Structure formats: structure tokens, C-alpha cells
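Open the model in a viewer and keep the selection tool at hand. The stops below go one by one, each with something to select and a note on what is there.

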Amino acid sequence: MMEWVKILCLVLLVFSFSSVADELMERALKLMGETPLIDGHNDLPWQMRNLFNNQLNDVDLHRLNSTHTNIEKIKHGRLSAQFWAAYVPCDTQNKDAVRQTLEQIDVIHRMCDKYPDDFKFAASSQDIMDAFEQNKTASLIGVEGGHSIDSSLGTLRTMYQLGVRYLTLTHSCNTPWADNWLMDTESNPVSNIGLSEFGKQVIWEMNRIGMLIDLSHVSEKVMNQVLDISKAPVIFSHSSAYSICKHKRNVPDDVLVKVKLNRGIVMVNFYNDYVTCNEHATLSDVADHFDHIKKVADASIIGFGGDYDGVPRVPVGLEDVSKYPDLVVELLRRGWSDNEIKDALGGNLLRVFRDVEIVRDSQRNTKPDDKPIPLKEVQNPCRTDYGYSDKSSSTCAQSFYPLVLILALLNKLL
């Protein structure tokens, strides 16, 4: 008799857990139907280059199964808006970074054109809401890495005209005007400029034109410098909490507090190495980062920045973009209120975006900054110097370049 009682109690307990889980999922999906889920960073466009050399005509995004992202997974995950990364590797710097970035911008536009029933190109906060009402995924562009503008404010403005709405100031390499996170891992870094004077020009010009400033990948010094001078809120499009995982790609507590004061946002990254600082992680580990940022700063600065299709490992329970609702369920289980969930889903990013647009509109009468970066800061054998009056450094570099080639050839022959 006692055995039957135990079995009955176990069955009732399982049923109770199942019922609670169903209720939480129902609540999560309801909230996701009321507020757009906006993710800050997805590298599917890079997979289009990496796997198909951007030959989108040969790809069916409904059936593609070799990536974290396809259209069916997007719909199952209730992904309402996505910043697609226009990323090109650091070794394109000083070579063809601008061309390759333009090609990535092009492939994002072509994704929207090829699947008009599923994607809607977006370039404003209102565009996101319009796409949400039409049950389409708002598709925005973020350029991942300052090397993509080749130290040119004109290139920055041109990319904005093409629909780019955020620029990650660096990838995992320095630009001539900003240091990346790897500088914080070295005892004697090769650079310690943080943000140069031209880097400050980049920040202010981004404020003027209405481009979101993304601080993922930059050094801690640059984080603080930008937060001190930006006239608009900033974003971390795909970074997590340093106190939970002490990886320099993550955001320290003191910076989280400054982001709160800036009215910015930290969009939590799902990459295992940034979640647990090792190769293994779970959905619960990701939720720990949400909880920590909420505790240190507030739920008002939190968002989702999965980094899908840009990383080799993702947590158990967050295997692809279809799994977002499960993370929302976990946050609800931990006691997050409906309003906090709505803020994290998309409310916070929409507020940041609108504030950036307000700053832009307040500077409509401000002239574009057309002062170029000093030649000495960018001179290299692959770069011409047309327009610069002082070409001494250029002449020097160009005069030595043939000698470098001769020495390289002699070395090969020997």
C-alpha cells in the first residue's frame, strides 16, 4: 500500500511540475507576442560568405540546417528583430575591409529582398515596430569592427546611408584610433591609447548621424572613455557579465553602473567561453548573467545578444535561435516580472534606439565632421595619401617599400 502511495505522490509531483512549466511557457509566449524580441548580434551573413561565398541564390534559408539560424528556427524562437552582423575578419584591415564589408551589407539587403514575407529591412526604431505588427522579422545591420570604415568618417557616413545602424568600434584587433579587449590581457600591451583624438571624432560623428555605438570587443579603457563623452546611450551588442565569467570580453561591474547612468544596454552573449569561461555551459548559466546585471545595475539595461552563427559553442538548452522562449521561461521561473521581461526582450533596446534618434535630430544643424585622421596614424604601403598636404611620412614609407620587396625576394632565394 505504501508503495502505491509513493508512486501516486511522484506522479502528482511530476504533473505539478509539468503544469507549472506549461503555465510559464504560455506566459512567456504571451509576453513575446506583446513586445518584440530584439537580438543584438547574429553572424548568419558571415556564414553566407563562409559557406556559400555570398551566393544567396544557391541557399534556401527555410531549409538550411548547418547553421544556428534559419527562417523556421526564427519563427519558432519568436525572434522579432535581429541586428545582422556585417563582419569581416581583422586580416582585411589595411587591405580590402571596406569592399568586403560592403559585400556583407549587400547580402543582408538581399536576404530581405529574397524573403519579403519573412524579413523586413529596418533602419529605425519605428521600423522595428512596423515589422512586428506585420509579423515579420525586422532586419537591421550592425558593422562589427572599426577596421571596416578604414579610419574614414566619410565611409562611416556612407555606411549609415546604406542602412547600417551600429558600429562595433573594434573587433579583436586595434584600429589606429581605438584599442580592443586583447590589450587588457597583456602585461605590456603594444598599444595603450584607448581612444585617440580621432576616435573621439568617430564617437561624436556617430552621435550626430544617429548610429548606435557598440562597445563589445573594446578595451576597458575605451569603454570608460566612450561612456564619458558620448552624448547618446551606448550598447554592448553581445557581451556578458565579467563578475560571473572573468573574460575580458565581458563587462565589469563598474562599467555596468556607468551604462545604467548612460541609459544604455548590455545584450547578453550566449557563447560558452563568455558564459562560464570554459567549453561547457547551460541555459541556466546564461540566466545567471541576466540576474547579475539586473542586481548590479537594473533590468532596464539588459537585452539579448546571442552571437549565434558567430561562435563554435553554445549552451545546452540554447542550441539555436528557436530556444529564446526557454530562456524567457527560466527568467520567469526566477521571479522576473512581466515588465522586466518586456524590457529585456526589446523595450530597453527600443528606448536606447529612440534616444539615439533624439540626439541625432537635435544636431540636424550641425555640419558633418570632415577633418581626416592624421596621415602618420594610418600610413602604410597599401594606402595612398591624396589630399594630405604633409606627405613626408608617406614618401618615407613609399621609398622603403621597394626595398622591403627586394629584401623579401632575396630572403626567399637564399
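This is a predicted model: local features need pLDDT of at least 70, side-chain atom pairs count only at pLDDT 80 or more; totals for chains, interfaces and linings use all residues.

The rings of Tyr115 and Phe119 form an edge-to-face aromatic pair, with 6.2 Å from centre to centre and 80 degrees between the planes.

Next, select Phe270 and Tyr308. Their rings also make an edge-to-face pair, 5.6 Å centre to centre with planes at 85 degrees. This pair links distant parts of the chain, as the two residues are 38 apart. Phe270 sits in the loop between strand 8 (265-268) and helix 10 (272-275), and Tyr308 in the loop between strand 9 (302-304) and helix 12 (324-333). Are they buried or exposed? Phe270 is buried at 0% relative accessibility, and Tyr308 is buried with a relative accessible area of 0%.

Across the whole structure, a search finds 11 aromatic pairs.

Stay at Trp336 and show Lys294, which lies over the face of the Trp336 ring, 4.7 Å from the ring centre. For another charge over a ring, go to Tyr160: Arg165 lies over its face, at 3.7 Å from the ring centre.

Now select His68, in the loop between helix 2 (44-52) and helix 3 (71-76). At 16% relative accessibility, His68 counts as buried. Which residues does His68 contact, leaving aside neighbours within four places in sequence? They are Lys73, Tyr308, Asp309, Val311, Val314, Glu319, Asp320 and Val321. Show Gly310 as well: its C-alpha atom is 9.2 Å from that of His68, although the two are 242 residues apart along the chain.

The last stops are pockets. The largest has about 270 Å³ of space. To find it, select Lys75, Arg78, Leu79, Ser80 and Asn135, the nearest to its centre among 15 lining residues. Helix 1 (2-34), helix 3, strand 2 (79-87) and helix 5 (125-133) each supply at least two residues of this lining. By class, the lining has seven nonpolar, four polar and four charged residues.

The second largest pocket has a volume of about 200 Å³. Select His171, His217, Asp307, Gly310 and Val311, the closest to its centre of the 17 residues that line it. That lining divides into seven nonpolar, five polar and five charged residues.

Key:
Residues are numbered from 1 along each chain as its sequence is written. Side-chain values use heavy atoms; hydrogens and water are left out. Helices (H or I, at least four residues) and strands (E, at least two) are DSSP runs, numbered from the N terminus. Buried means under 20% relative accessible area, exposed over 50%, partly exposed in between (1.4 Å probe, protein chains only). Contact means heavy atoms within 4.5 Å. On a 1 Å grid over the protein atoms alone, a cavity is a set of points where a 1.4 Å probe fits but cannot get out, and a pocket is an open set with protein on both sides within 12 Å along at least five of seven lines; lining residues have an atom within 4 Å of a point. Grid points are joined across faces, edges and corners, and a volume is the space filled by probe spheres set on the points. Ala, Val, Leu, Ile, Met, Phe, Trp, Tyr, Cys and Pro count as nonpolar, Asp, Glu, Lys and Arg as charged, and the others, Gly among them, as polar. Rings of Phe, Tyr and Trp (its six-membered ring) pair if their centres lie within 6.5 Å; planes under 30 degrees apart count as stacked, over 60 as edge-to-face and the rest as tilted. A charge sits over a ring if NZ of Lys or CZ of Arg is within 6 Å of the ring centre and within 35 degrees of the ring normal.
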